Amino acid sequence: MYDYDLLVVGSANADLVIDVERRPGAGETVLGGDLAVHPGGKGANQAVAAARLGARTALLARVGDDGHGRLLLDAQRAAGVDTASVLVGGAPTGVALITVDPSGDNSIVVSPGANGRLTPGDVRDAGTLFRGSRVVSTQLEIPLETVVEVVRSLAEGSRFVLNPSPPRPLPQEVLAACDPLIVNEHEAKVILGESAGDGGVGDGGVGDGGVGDEPADWARQLLAAGPRSVVVTLGAEGALVADATGVTRVASVKVDAVDTTGAGDAFTAALAWRLGAGATLAEAAGYAARVGAAAVTRRGAQESYPTGAEVEAL
């Protein structure tokens with residue numbers, strides 16, 4: 001019997017958000033709206049999203065001993081996340097600087113802060129937590145060597161979900177554990193090597209031919225690189241799921257987007273939880289698409305995440 005449906009190992013940031021009429025170009029200054037401060041970070045977002053949906057959720061992360069850290073811990077606890085493994089101190093809490101344009105699209109710059117001090121040793125010290133978790137999810141806003149240690153700490157029978165954001169080439173050991181690897185268009189191309197410079201997937205890219213032009217090509221190429229399954233998110237166009245049985249398109253839900261901040265984290269958390277509950281990859285992605293659609297209809301990240309009842313209403 002597992003103690004947790006989902007263990008999230010990842011980042012916790014304070015999101016500093018400003019609405020702008022348009023994002024500035026190089027050397028340009030634009031005026032924006034009032035600054036808003038929200039709890040965020042891809043790891044913390046996933047934990048809150050899963051807990052709001054009803055998953056028994058724990059978070060392994062690191063925050064600073066400061067006001068932003070207290071904001072993040074309060075938000076986790078209010079959502080029902082177990083924060084016993086959130087470490088405090090070592091550096092200031094991470095911060096994300098976010099601009100949001102009138103269409104709801106965002107641009108983000110992250111200062112990792114304490115997230116960069118979440119170490120492989122911290123993961124090893126949390127062995128009991130890993131043994132009690134059905135699904136483990138992480139991202140790349142923490143050190144890559146820490147993600148590698150997460151893979152090495154997985155309990156037998158548990159499932160590993162990775163959203164490689166911000167994207168970078170991944171070691172084969174990590175790729176082989178992903179079930180699924182969840183990427184958007186940009187992340188897919190970086191992992192496949194088109195814009196990763198030397199490298200790409202593993203040590204040497206994915207072979208001849210470059211990256212295909214169609215999302216289904218990306219899904220197939222990523223799957224061939226080693227993950228057990230792959231999900232390519234396509235925003236308003238839904239998602240593609242790929243595993244040994246083939247590639248399947250999952251439809252989205254049409255909504256009026258207000259703010260896309262954190263929507264991908266809600267998608268990942270929902271998918272990870274449903275997979276742990278026994279759903280197929282396509283079923284879990286379909287549910288996750290509804291969760292992501294609900295999230296973009298509200299401003300902010302964690303405060304935009306729906307409850308299970310709200311998702312069913314879609």
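Reply: **Helix packing and its surroundings**

The model is a predicted one, in which local features need pLDDT of at least 70 and side-chain atom pairs count only at pLDDT 80 or more, while totals for chains, interfaces and linings use all residues. Residues are numbered from 1 along each chain as its sequence is written, and side-chain values use heavy atoms, with hydrogens and water left out.

Two packed helices are described by the angle between their axes and the distance between the axes. H1 covers residues 42-53 and H2 covers residues 67-79, and they pack at an angle of about 20° with their axes 9 Å apart. Helices (H or I, at least four residues) and strands (E, at least two) are DSSP runs, numbered from the N terminus. The axes are lines fitted to C-alpha atoms, for helices over the stretch in contact, and the angles, taken between N-to-C directions, run from 0 to 180 degrees. H1 and H2 are therefore roughly parallel to each other; the label applies to angles under 35 degrees, with over 145 counting as roughly antiparallel, 65 to 115 as roughly perpendicular and the rest as oblique. From H1, the contact is made by Ala44, Ala47, Val48, Ala51 and Arg52, and from H2 by Ala75, Gln76 and Ala79, where contact means heavy atoms within 4.5 Å. These residues divide into 6 nonpolar, 1 polar and 1 charged; Ala, Val, Leu, Ile, Met, Phe, Trp, Tyr, Cys and Pro count as nonpolar, Asp, Glu, Lys and Arg as charged, and the others, Gly among them, as polar.

Gly40 is found in strand S3, which spans residues 36-40. With a relative accessible area of 0%, Gly40 is buried, that is, under 20%, while exposed means over 50% and partly exposed lies in between (1.4 Å probe, protein chains only). Leaving aside its neighbours within four places in sequence, Gly40 is in contact with Ala12, Asn13, Asp15, Asn45, Leu72 and Gln302. The C-alpha atoms of Gly40 and Ala96 are separated by 7.9 Å, although the two residues are 56 residues apart along the chain.

A second pair of helices can be described in the same terms. H7 and helix H8 (residues 215-224) pack at an angle of about 45°, with their axes 10 Å apart, and that makes H7 oblique to H8. The crossing of H7 and H8 is left-handed. On the H7 side Glu185, Ala188, Lys189, Ile191 and Leu192 meet Trp218, Gln221 and Leu222 of H8, and by class this contact has 5 nonpolar, 1 polar and 2 charged residues.

Side chains of opposite charge can pair when their charged atoms come close. The side chains of Glu185 and Lys189 meet in a salt bridge at 3.3 Å, N to O, the term requiring a side-chain nitrogen of Lys or Arg within 4 Å of a carboxyl oxygen of Asp or Glu. Both residues lie in H7 (residues 185-192), 4 residues apart, about one turn of the helix. Glu185 counts as partly exposed at 40% relative accessibility, and Lys189 counts as partly exposed at 21%.

A search of the whole structure finds 12 salt bridges. Another of them joins Arg124 with Glu149, the closest N and O atoms being 3.3 Å apart. That pair links distant parts of the chain, with Arg124 in helix H3 (residues 120-125) and Glu149 in helix H5 (residues 144-153), 25 residues apart. Glu149 counts as buried at 11% relative accessibility, and H5 is mostly covered, since 8 of its 10 residues are buried. Among the elements that cover the buried residues of H5 are strand S1 (4-9), H3 and helix H4 (127-131).

Strand S9 (159-163) and helix H6 (172-177) also belong to that cover, and Pro166 lies in the loop between S9 and H6. The peptide bond from Ser165 to Pro166 is cis, with omega near -5°, whereas most peptide bonds are trans.

Methods. A crossing is left-handed if the near helix is turned anticlockwise from the far one by less than a right angle, and right-handed if clockwise.
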